[in-house]
Protein chains: 2
Amino acid sequence: MTDETAGTPASPPPSPWERERPAPARVAPAREPLSRERVVDAAFTVLDRQGLDGLSMRQVAAEAGVAVSALYAHVSSKDDLLELMYARLFAGFAMPVPDPERWREQVRDYARSWRHLLLAHRDMARISMAHVPFTAELLPHVEALLAVFRTAGLPDRIAAEAGDLISTYIDGFVLEEGMWRDRAALQAGDKSSLARPDWREMAGEMQNYFASLPEQDFPHLRALAGLMVTDSADERFDIGLEIILRGLASYLPSPSV
Amino acid sequence: MTDETAGTPASPPPSPWERERPAPARVAPAREPLSRERVVDAAFTVLDRQGLDGLSMRQVAAEAGVAVSALYAHVSSKDDLLELMYARLFAGFAMPVPDPERWREQVRDYARSWRHLLLAHRDMARISMAHVPFTAELLPHVEALLAVFRTAGLPDRIAAEAGDLISTYIDGFVLEEGMWRDRAALQAGDKSSLARPDWREMAGEMQNYFASLPEQDFPHLRALAGLMVTDSADERFDIGLEIILRGLASYLPSPSV
DNA sequence: CGTTACAGTGAACACTGTTCGGCAACTGAA
DNA sequence: TTCAGTTGCCGAACAGTGTTCACTGTAACG
């Protein structure tokens, strides 16, 4: 993400289905009262330590040094908490000002930044996947992406799908990344007390497995074993992204492969 | 999916991380003993009735007319059960014999069939998303897709990513579809006792919401409101798919837009 | 001092996945 | 026919989940 950014626009009115949250405390704080922010902070700490499956309200409460029921004064449910975590990811994620000449790089930058944001917290892609990005805080981002596509000259129908397509790709890719990592960690934890997930080892094991398949039934899988499972996820991510970008570019009036 | 199909090839040796399941009963059944098949059947019934969140081992047991603990004789965990459900979806899903002339239609057919399979059971996309498709039963499918891409003439690196890219797209798209449907159902259930999820109504509501956004901050979102939320998911699915296909085609030696 | 307001508590409820000791019915052998 | 032995299933239990609610203590105000 470069610095050619527009600040987040004024927030729109809430979506029709927006969840109503308990109103924030009205009086001056006694000491350091529990706030929505602090609950979300604690939730992120627990998430990074124990993963999404270990993220229970009890753990969050313990992390915040508070009773479970206290959480429900600032958050209406666990679902709501997850939504707040999802929304926070977007905070400070500035969107590009559309530049028709550089739309591909802008989309690439956007996608890469978003991926790294997802990678910054364990299991974050799973949380992201579970949310339609049409809540009020996120609409500016959808708008900005649309702006990039439309000013680039894409037909409306294509532009309307492009955002969804790319978001889905990013979320899905990072989700899968996380699953591989989890499996590697699990396997490493099994066979040795060294819990360090040895990624390369797992990749090698997978390649060996592919190479061991019967040549007759799986010629292509065998041939591409080295490419299917690689330790360079960055590269794979860029390739998939490039495929999508090329597809989008094919809809531009002037053919600029 | 047309009839130009190859039967499922011989099943490969199990992946390194394959879960070991309890061996099936060895003696002749007394009456109509509980089988792995019947457990999965019951699970699908519960899934369609109550959704993934309502799919508990207790419910499955009740549906099968059996105690909870009996399930664990045929399935090693709930995760294992979900994996079996996922694998069953692929059963009877025949793969195309690669035809370089028709690779686009073949991929299109494949994608559409897979989407409809996912739509056939509630929340199935969520289950699908949670699994890497590299378990032994599914490798033939990966191989078949790879075959289509490679015989079409795509470079290896591109072919290796293409399968993942398309799977991710399908799963993600259907997942989102399901989320909208759930929301529509929830909203309809809220405002009227008629639990029938009125899809068009929700789409209209969304469009109104987009149209109500301030013109200054959300010009593009307003302009494309009609295209972003449409009741014809089929059309949207095909558009996204076409974008990907065009991107892939751009890597072919002979430019055949 | 008394009153009110309220953030935070702890116990409870109805669930969840999973395990384990035991029971009943069937098998094959004596 | 009787006696193991095995197998399929059951009930109860354990530790955990999200959520609610009557309750406390403390702080500020009149």
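What is the relative accessible area of D234(B), and is the residue buried, partly exposed or exposed? D234(B) has a relative accessible area of 44% and is therefore partly exposed, where buried means under 20% relative accessible area, exposed over 50% and partly exposed in between (1.4 Å probe, protein chains only). The views below show a predicted model, in which local features need pLDDT of at least 70 and side-chain atom pairs count only at pLDDT 80 or more, while totals for chains, interfaces and linings use all residues. Residues are numbered from 1 along each chain as its sequence is written, chains are lettered from A and ligands numbered from 1 in the order in which they are written, and side-chain values use heavy atoms, with hydrogens and water left out.

**View 1. The salt bridge of D234(B) and R115(B).** The closest N and O atoms of D234(B) and R115(B) are 3.0 Å apart, a salt bridge being a side-chain nitrogen of Lys or Arg within 4 Å of a carboxyl oxygen of Asp or Glu. The pair links distant parts of chain B, with D234(B) in helix α12 (residues 233-249) and R115(B) in helix α5 (residues 103-119), 119 residues apart; helices (H or I, at least four residues) and strands (E, at least two) are DSSP runs, numbered from the N terminus. R115(B), at 4% relative accessibility, counts as buried.

**View 2. The salt bridge of D234(A) and R115(A).** In chain A, the side chains of D234(A) and R115(A) meet at 3.0 Å, N to O, and this pair joins helix α12 to helix α5 (residues 103-119) across 119 residues of sequence. D234(A) counts as partly exposed at 45% relative accessibility, whereas R115(A) counts as buried at 4%.

**View 3. A salt-bridge network in chain A that includes R88(A).** The side chains of R88(A) and D41(A) form a salt bridge of 2.5 Å, N to O, which connects helix α4 (residues 78-90) with helix α1 (residues 36-50), the two residues being 47 apart. R88(A) is partly exposed, with a relative accessible area of 26%, and D41(A) is likewise partly exposed, with 36%. Through shared partners, salt bridges join E37(A), D41(A) and R88(A) into one network.

**View 4. The interface of chain A and chain B.** The two chains bury about 6,300 Å² between them, 72% of it on carbon and sulfur atoms, where buried area is the accessible area (1.4 Å probe) that two parts lose on being put together, summed over both. The contact (heavy atoms within 4.5 Å) takes 68 residues from chain A and 68 residues from chain B. Six salt bridges are found across this interface, and R157(A) and E235(B) meet in a salt bridge at 3.9 Å, N to O. Among the elements that give two or more residues to the side of chain A that touches chain B are α7 (139-152), α8 (156-191) and α9 (199-211), and α8(A) gives the most, with 18 residues.

**View 5. F210(B) and the largest nonpolar core.** This core has 170 residues, and those with the most contacts inside it are F210(A) and F210(B); a nonpolar core is a set of buried Ala, Val, Leu, Ile, Met, Phe, Trp, Tyr and Cys residues joined through side-chain atoms within 4.5 Å. Not counting residues up to four places away in sequence, F210(B) touches F134(A) and L139(A), together with L221(B), R222(B), A225(B), M228(B) and V229(B).
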